[in-house]
Amino acid sequence: MNRFGYTRAGDVAEAVHAAAGDDAAQFIAGGTNLVDLMKERIAAPSRLIDITRLPLRAVKSLPDGGLEIGALVSNSDVAYHPEVASRYPLLSQAILAGASPQLRNMASTGGNLLQRTRCYYFYDAALPCNKRAPGSGCPARDGVNRIHAILGASEHCIAVHPSDMCVALAALAATVHVTGPAGARAIEFAEFHRLPGDAPERDTTLQPGELVTAVALPREGFAAHSTYLKVRDRHSYAFALVSVAVGLRMVDGTIAEARLALGGVAHKPWRDPTAEALLRGQRPDDALFAAVGEHLVRDARGCGHNDFKIALVRRAVVRALQQAVAGGPRA
Amino acid sequence: MTTGKTGAPHDRVDGRAKVTGQARYAGEFTAPDLVHGFVVTSAIARGKIVRIDAAEALALPGVLQVYTHENAPRLAWRDRSWRDMVAPGGSPLRPLHDAEVQFSGQPIALVVAESFELAREAAGLVKVDYEAAPHETRLAEVEAEAHEPARGKKGYTPPPKPRGRADEALAAAPVRVEATYEHPPLHHNPMEPHATTVIVEADGSLTIHDKTQGVTNSRDYVCKVFGLASDQVRVVTPFVGGGFGSGLRPQYQLFLAVLAARELRRSVRVVLSRQQMFTIGYRPWTRQRVALGAERDGRLRALIHEAVGNTSRFEDYCENVVPWSGVLYECPNTRLEYGVAALDLYTPIDARAPGAVTGLWALESAIDELADALDIDPLALRLKNYAEEDQDHRRPFSSKALRDCYREGAARFGWHRRSLAARSMREGALQIGWAMATGIWEAQQAPSQAKALLTADCRLHVASASGEIGPGTYTIMSQIAAEQLGLPLAAVRFELGDTALPPAMIQGGSATASSVGSAVLAVCRALQHSLLKLAQTMPDSPFGGRALEDVEFVDRSLRLCSGVAPAVPIAAIMRHAGLGSIAEQTTAIPDLARQSRYTSNAHSAVFVEVAVDEALGTVTVRRVVSAVAGGRILNPKTARSQILGGVVWGIGMALEEHSMLDHGLGRFVNHNLGEYHVPVHADVPAIDVVFVEERDDVVNPLGVKGLGEIGIVGVAAAIANAVFHATGRRIRELPITLDKLL
């Protein structure tokens, strides 16, 4: 069978040490994605380093007023954590819009960041895929691409990042804490995932052997005016065709600060500060929202089946901004 | 103690076994010498295998053998040996026969190893070089080459000859609608994947646990293909985790498991992966044109229905798509046509309500389009054209309570509150749509046998080689038997799914309750007869000179219907006769002389409410009422479940399901349940199921019509019609995904 080593790490240093020097080793926590990938012969790690015993299960308040979520806190525990639910409802909504209760109970915060695309071709080991087998080609571009990227894609890959949680984290401008052979560092969320370019096999900017230890949320959670709008092919248990995470800070009826990220449209959660700037200092208005939607898709390109996503982004952005102004999603 | 009865909502007698994991499915049987096979499938759609290299796979310790076309034994030569009971015309797939690849996903090797995981891993190491040939998987490209299907498929009836002059009548009709409707290939995806466990017995004979809807079909196929006598092969399948038609024909894992077991002389199990479930049959891709012509008052003058479904290049799968259009509405001028067109895909296979689901999706959409063109209520239009007899065959219906379905469904739905015009019902930002459609399915009976053994302790064992694909067969057969002999349900044990039992029809077409139920009824009647005869020999018997009509079996006893004499316990009758048990075996044969004078169909009326968020294109089904006329209902609880399942699948067909083809690769690509969408709980609203009273003494002695298919028929049209009523947009290509409404 597919033979691999297995190491159970007791702390972060041990885990990082176990991974050092073996680029084919992988950390495993909930295993909700990695185990599937192994079964489908998409991932073949030389060794699994079990990190579930690591002390990374705390949700802690930070001195700057932010909140730190340990990498092993389950998606469910994050979504229902009272501090998250009250101060960062955008994050709770986004998590609960994804997967199923069973998966959310198993899936970890760090693992959610690292889940891989759901591109049909990536998942079929009999077919070419630059992400799975670099240089083999991308059949999605001229194939079935209904669920694929309209922004930031490359000729090598048009896959999208599947996470809902990450779209909220992008809008909230979270920070990802990692520890690797070279020590600990912090990565801004916008820099954590990458566009495919000519190396679509790499989803993130993590260096070899680096382990996600925590995700930190800044103090501002946009609790009064946020929403996560997920548009998908069925009412539950489907990846987003387009999703929109919006956080607004409203002062006297004016948008003092705006955050907006898109899911389902690119190789990473798509955040465009110039679109946010259009909203800043403005009073809410459907024409303004439409202009923001238009601005977001100014460089969008469809591949055929996914052309509709361009129109859908425009509409979903308007709807999400309306909802955020109103205080949240409709009851 | 209460007597088990038909018509009562009994829980499933096998429910506990199922939910506690004691019910064993084909891939769960085992043997001490069991080894595991994993299938290697082709990556190309058409061409030849030029090299297949299994060296790396064989080098793994624990891998026993890799079977390919290069080393598989030569087997039966003639096509007819490979043709199973329900095969369509053509040359069935012969796995590992030669180097030719006829569709993407074709089985081209079987890796056998000591564990499943090892076999799967080794399968990934088999290297295959192909010489690809051009393939075609687009229906539009071959539609013009559609042909009449080759003969051979059981149950297929070519469309009836035209009545009147449909084209002239259409041209002359004051109001006309004409449109083309399409749905993509759809895979069944039962929860249980296809699986076979072949156990090699000490005497060399084979006991096969196969995921099949017909144990006899699997047994006969194996015997013919491998040249075995029928006593060398026994197929035992007590449970099937959903078939929906996908288990009607022997699938390739059966062949491969038997091949490996015979070569290795070891027990072998082969289970298909979910991806591989997209390499077997499917509901065919079908395009249909419907043209209707009507008077201004709504009376139909012309009906034209033409359909083309896909098949493979090697078999002509076919189904009854258009005949329903000739029978459902009264219309003097009809022309119905059907053809099949070959693509480089595997042969389709029956999928729940094959043909009717397809035909009614088009017909009932077109009727709704006509109602809109006429400005007439769609239900009123249907009533106006209600067929009182089968015009195509010029014979009466044995029963047809469709009018009651319309009335009862409309009342429960609140149809009278519907506003006629499209886009006329709103709720905040949502457009609301109310619509309906009709469903129809044929009521059939096929010959089946049953045997029964009644023991002196009043326990009854009844058996027939039928199947349990999930409808509640164990339960209703037990109910029929218990009722006939006045026993509690718990005193009856019904056994099925074993070729050692008396043969029954293959489980499909909604005909099991009718066919096997009639056999159970007949064998129990034979027992009744024997018991009455024996009772008549008792001293002072009150039954002297009495016939079966004069007596009844209640509370484990025989008594006169008139009640004038005390009841006599069955145990006492058998004790007096000195019998420990009584055995009977009977065949129930349809009364064709009588049945052929009538047309027998089940009907339904489906009412649907949808809410459409027009900005985002999302459709929510908010309410469904399904009113069904299905003859006598043996068990309202399992019957309701049948309809619920059908409606849920109908929602999937209308809004979600789509086996997506990459035409460049000629391959289905969304081959997993993450990306092949079926309804989840959040997609399914409250479903109100109502069975209207319908008596029918022609269809079969039980008066049942079967419920497996009728629940899904018409649902897709009802939903599409509701989307039109909500938005004014007519979507004629399923599924109605949000991009089509943006």
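The entries below go from the domains to the sheet.

Entry 1, domains. I kept in mind throughout that this is a predicted model. I looked up the division of chain B and found domain 1 made of 31–134, 191–242 and 247–278, domain 2 made of 141–186, 282–444 and 596–740, and domain 3 given as 446–589.

Entry 2, domain 1 against domain 3. I noted that the C-alpha centres of domain 1 and domain 3 of chain B are 40 Å apart, and that 18 residues of domain 1 of chain B are in contact with 13 residues of domain 3 of chain B. On the side of domain 1 that touches domain 3, the elements giving two or more residues are helix H7 (215–226) and strand S11 (233–235) of chain B, and the largest share, four residues, is that of H7(B). By residue class, I recorded nine nonpolar, seven polar and two charged residues on this side of domain 1 of chain B.

I then followed an open sheet of seven strands in chain B, which runs in the order S3-S6-S1-S12-S9-S10-S11 with mixed pairing. Strand S3 (63–68) and S11 of chain B are at the edges and have a single partner strand each, so one side of each is left without a neighbour in the sheet. Direction ignored, neighbouring strands of this sheet are turned against each other by 20 degrees on average.

I looked up the pairing of S3(B) with strand S6 (residues 107–113) of chain B, and found it antiparallel, over five bridges. In S6(B), B:Ala113 is the bridge partner of B:Val63.

Definitions and conventions: Residues are numbered from 1 along each chain as its sequence is written. Chains are lettered from A and ligands numbered from 1 in the order in which they are written. This is a predicted model: local features need pLDDT of at least 70, side-chain atom pairs count only at pLDDT 80 or more; totals for chains, interfaces and linings use all residues. Domain bounds come from an automatic or database domain assignment. Two residues are in contact if their C-beta atoms, placed from the backbone, lie within 7 Å. Ala, Val, Leu, Ile, Met, Phe, Trp, Tyr, Cys and Pro count as nonpolar, Asp, Glu, Lys and Arg as charged, and the others, Gly among them, as polar. Two strands pair if DSSP finds at least two bridges between them. Axes are lines fitted to C-alpha atoms, for helices over the stretch in contact, and angles run from 0 to 180 degrees between N-to-C directions.
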